[in-house]
Amino acid sequence: MFHLWLNIPVLDIPKTMRAVVYRGVNDLRLETVPVPRIGPGELLVKVAVCGVCPTDIKKIQHGTVPPPRIFGHETAGTIVKISSLVTRHSSLRLGDRVALHHHVPCLKCHFCRHASFAQCETYKRTGITAGFEPAGGGYAEFVRVMPFVLPGVVKIPVRNSFEEGAMLEPVNTILKAVKRLNPLPGDAVLVAGQGPIGLMFTKILQLRGVRVLATDLLESRLKLARKFGARRTCLASELSSLITHHSSLDSAIIAVPSDEAVLQALRLVRGGGQVLLFAHTKRAKSKVQSLKSKVQNPSPFSLQPSAFSLDLASICLDEKDLIGSYSSDFTLQAEVARLVFSRRLDVRPLISHHFPLEETAAAIALAAKPTPGSLKIVVEP
Ligand SMILES: [Zn+2]
Ligand SMILES: [Zn+2]
């Protein structure tokens, strides 16, 4: 079937599809499931690309949410079915190539008024599913997009690829963090970790006139960091010797889940400086969880020992700020789309591996244990 006025081929939608279903810790299975039905105000999107994200890896490897679920939330694809309610109230049309956003805040509650969108109850609901408890659904052939996340759907310009569309979500989380840090042009900012996330931080900071000092454990990534605009680079082990009181840091972004990197950055930034945590997304066991596991752990009040000991005077006396940033800021979506689609932030060199849907488990394994040659990994259903 063709839409003559647009000449866009629209698929006959099958009844069933292939999907990678999370069935338990480290248990992903390729299954045949029903293609989701859409209701009033909804879209059905044929998935072209879905990025593999560290937050999904964490859920799969640590079982932090109950199965079954279909993960994958950095999704781009084509609208193959659209409710007439949507066409009446938006510019979205059948055949549009779109990037999806699985979380959209209400913009009205206490948290939204304070720009803490990730804490908003509406935001916490996942509005995209390929079946089961909504969890993104990008590791499947089709996804259903619910009404409350429609404001997050962005059309992909003709010259841009689905891969670029799928990168809007991670880029949004980075731009949000940069705005929380709010460095001034000329500031010296450390970006610890030069994986795909760190490299995008480096580029966005460079575009704002910031002098980036990039560190990583791998020499090959430092070379990439220079291509992405880092002024200086060094191996993480050499950082302390590089920073003296003659060349101080104004702030730091920690894009690796290393407590030691945080402590080191807090020591190295100068008074009034900021350290932003971006990769510390795994919670330490709480007292309640310890109580639950009382049988295995006879001392209910012994919390997990933390290697983290913070000199609070560095916060009070030296006025250093320790800040965090998690997830995306919906209000930045238009700016993110301009940044990526104009290729001022060219995300194409960041995508190192494409996996077919059947090999999603291998894609996730590689993303969890990156190699010198691996950066952003995507699945193409
Ligand atoms: Zn993500
Ligand atoms: Zn809200």
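In which strand is I128 found?

**View 1. The whole protein, a predicted model.** Local features here need pLDDT of at least 70, side-chain atom pairs count only at pLDDT 80 or more, and totals for chains, interfaces and linings use all residues. Residues are numbered from 1 along each chain as its sequence is written, while chains are lettered from A and ligands numbered from 1 in the order in which they are written. The protein holds 14 helices and 18 strands. These are DSSP runs numbered from the N terminus: H or I of at least four residues for helices, E of at least two for strands. The C-alpha trace spans about 70 × 55 × 45 Å along its principal axes.

View 2. Five residues from domain 1 and five residues from domain 2 make the contact. Two residues are in contact if their C-beta atoms, placed from the backbone, lie within 7 Å.

**View 3. Around I128 in strand β8.** Strand β8 comprises residues 128–129. I128 is buried because 27 other C-beta atoms lie within 10 Å; the cut-off is 20 or more, with C-beta atoms placed from the backbone. Leaving aside neighbours within four places in sequence, I128 is in contact with residues including H73, T75, L100, H102 and V149. L44 is 84 residues away along the chain, and its C-alpha atom is separated from that of I128 by 9.7 Å.

**View 4. Around L190 in strand β11.** Strand β11 comprises residues 188–192. L190 is buried, with 26 other C-beta atoms within 10 Å. Beyond four places in sequence, its contacts are L213, T215, L249, A252, I253 and A265. C106 is 84 residues apart from L190 in sequence and 34 Å apart in space, C-alpha to C-alpha.

**View 5. Strands β12 and β13.** Strand β12 (residues 211–216) and strand β13 (residues 232–235) run parallel, joined by four bridges. Strands pair if DSSP finds at least two bridges between them. T215 has C234 in β13 as its bridge partner.

Methods:
Buried ≥ 20, exposed ≤ 12 C-beta atoms within 10 Å, placed from the backbone.
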